[in-house]
Amino acid sequence: MEKSNDSSEYGFILEGFSDRPRLEMVLFIVNFTLYSMAVLGNITIILVCILDPRLHTPMYFFLANLSFLDLCFSTSCIPQMLVNLWGPDKTISYAGCVVQLFSFLSIGSVECILLAVMAYDRYAAVCKPLHYMVIMHPQLCVRLMAVAWGVGLANAIIMSPLAMTLSRCGRRRINHFLCELPALIKMACVDARPVEMLSFTLAILIVLLPLTLILVSYGYIAAAVLRIKSAAGRWKAFNTCSSHLTVVSLFYGSIIYMYMQPGNSSSQDQGKFLTLFYNLVTPMLNPLIYTLRNKEMKGALKKVCGRH
């Protein structure tokens, strides 16, 4: 294949926020703080779920996996962005860009499916409480995670080569702070509509189909909650699902706005800040949401920390 793009030899330039030099240092401090909190929070959730036997249940198995995904999601691009914000060098190698794109596509897809799996888990807990452990047995939990990873990897294996091999006619500047699919497609100097439409079709399957399953699950949950006569029982059922529902709203809200628009019609600045939101802010908030609203998690944290 002819390397007319020069990008395979020299890499890319991530423009990011370089048009706002005064903002870069502020963003570095804010993003470094949020990233540190995301790493600490998600590692804490993973360790607590492993170390406390009381949390060896399907719900916390999926929560530990969500924390692992959030950790990988942020780490796939935030360290590179911090390096670029800190100094004048805005470059990323071709191999680094490939790894970033592949990680972003695969992990993002897995998280979409995992959130749907977690909604089904909450449906089983609220609507089928007596059969919960029979329905959500360990083998099923592992199989569901394997399916999620299989779909995520398949999406990345299909889309990454298509995006990276588009002819760019020597263009190396990416108007983003990471190698993201829409930004790479926009760089093409050939008709990229087939790739764009394939990306949109896969997004429907990977984003909207799981979201539909989430909404159906919560429809059944809402009906079951309304049948509970005691206010305490309704509150307990609501509290069981509220953390997951908050996380779903944060993640899917930004993802749908970003990717479910043919032609990626959102502005460049909107795109950058929305990407930053679901890539950094959401992974930082998830541990706080699940910890602050969950008595079992708070109790397990105190136990692991030696406080009784």
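In which handedness of crossing does α3 pass α7? The crossing is right-handed, a label used when the near helix is turned clockwise from the far one by less than a right angle.

Welcome to this predicted model, where local features need pLDDT of at least 70, side-chain atom pairs count only at pLDDT 80 or more, and totals for chains, interfaces and linings use all residues. Residues are numbered from 1 along each chain as its sequence is written, and side-chain values use heavy atoms, leaving out hydrogens and water. Helices are DSSP runs of H or I with at least four residues, numbered from the N terminus.

Here are two helix pairs, with axes fitted to C-alpha atoms over the stretch in contact and angles running from 0 to 180 degrees between N-to-C directions.

| Pair | Axes come within | Crossing angle |
|---|---|---|
| α3 (residues 58–75) and α7 (residues 138–164) | 11 Å | roughly 25° |
| α2 (residues 21–51) and α12 (residues 295–304) | 10 Å | roughly 85° |

The angle makes α3 roughly parallel to α7 (under 35 degrees). Their contact (heavy atoms within 4.5 Å) includes Phe61 and Phe62 of α3 and Trp149 of α7. By contrast, α2 and α12 are roughly perpendicular (65 to 115 degrees). Among the residues meeting there are Thr44 and Leu51 in α2 and Met297 and Val304 in α12.

Next comes α9, residues 193–227: its 35 residues reach 49 Å from first C-alpha to last, close to the 51 Å expected (1.5 Å times one less than the number of residues). Helix α9 bends by about 25° at Ile204, the angle between axes fitted to the seven residues ending there and the seven starting there.

Key:
Helix = DSSP H or I, 4+ residues; strand = E, 2+ residues; numbered from the N terminus. Parallel < 35°, antiparallel > 145°, perpendicular 65-115°, else oblique.
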